Amino acid sequence: MMEITKANLFDLNALRALEQVCFPLDAWPLLDLISVLTIPGVIRLKVVEDGQMIGFAAADPHPIENISWIATICINPAQQGRGFGRALMNAIEAHINTPIVKLCVRPNNDVAIRMYKSMGYEPIDTWRHYYNDGSDSLVMQKLLFEPKVEL
């Protein structure tokens, strides 16, 4: 049975292992993982099945700019295709209180891009040489709700 809950520093070892299996070329260093699990204001959720972390997502809100960035999202490759990624995306979006959410994805990650597009994300930019191996990144954006206009 799948459960999505808040992640914290006690999840560090499981997150480190998950990052290695999901992002062998781009796994975050230990200090970045500690930061994402402890910095105030960061939204961090994990997917747990049978007591094991099989997914993780973190969003970094920038309320002054009306934007949140999904800094990372990953589902263990052995568990992909079962709806966990979509469920995690829906859960993280439910915690975001900015009208715009953005994320970066490898342009060759067709499965993720297809899912993001089906959830309302649109490509808006390409960042050259973004990843550790020099690959570009596709920047995608979604409008969660209309921004409030102050008079």
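1. D26 is buried, with a relative accessible area of 14%, where buried means under 20% relative accessible area, exposed means over 50%, and partly exposed lies in between (1.4 Å probe, protein chains only). Before going further, please note that this is a predicted model, in which local features need pLDDT of at least 70 and side-chain atom pairs count only at pLDDT 80 or more, while totals for chains, interfaces and linings use all residues. Residues are numbered from 1 along each chain as its sequence is written, and side-chain values use heavy atoms, with hydrogens and water left out.

2. D26 forms a salt bridge with R106, and the closest N and O atoms of this pair are 2.5 Å apart; a salt bridge here is a side-chain nitrogen of Lys or Arg within 4 Å of a carboxyl oxygen of Asp or Glu. D26 lies in the loop between α1 and α2 (30–38), and R106 lies in the loop between β5 (100–105) and α4 (110–118), so the pair ties together parts that are 80 residues apart in sequence. The helices (H or I, at least four residues) and strands (E, at least two) are DSSP runs, numbered from the N terminus. R106 also counts as buried, at 18% relative accessibility.

3. R106 has a salt bridge with D133 as well, at 3.4 Å from N to O. Because D133 lies in the loop between β6 (122–127) and β7 (137–143), while R106 lies in the loop between β5 and α4, this pair ties together parts that are 27 residues apart in sequence. Salt bridges that share partners thus join D26, R106 and D133 into one network, in which D133 is partly exposed, with a relative accessible area of 42%.

4. By the rule given above, the count comes to 6 salt bridges, and one of them is formed by K46 with D11, whose closest N and O atoms are 2.8 Å apart. K46 lies in strand β2 (residues 43–49) and D11 in the loop between β1 (2–6) and α1 (12–22), so the pair ties together parts that are 35 residues apart in sequence. K46 is buried, with a relative accessible area of 14%, and D11 is buried too, with a value of 10%.

5. Turning to the backbone, most residues other than glycine have a negative phi. N66, although not a glycine, has a positive phi of about 60°; N66 is placed in the loop between β3 (52–62) and β4 (67–75) and is partly exposed, with a relative accessible area of 34%.

6. H129, which is not a glycine either, has a positive phi of about 55°. H129 sits in the loop between β6 and β7, and at 61% relative accessibility H129 counts as exposed.
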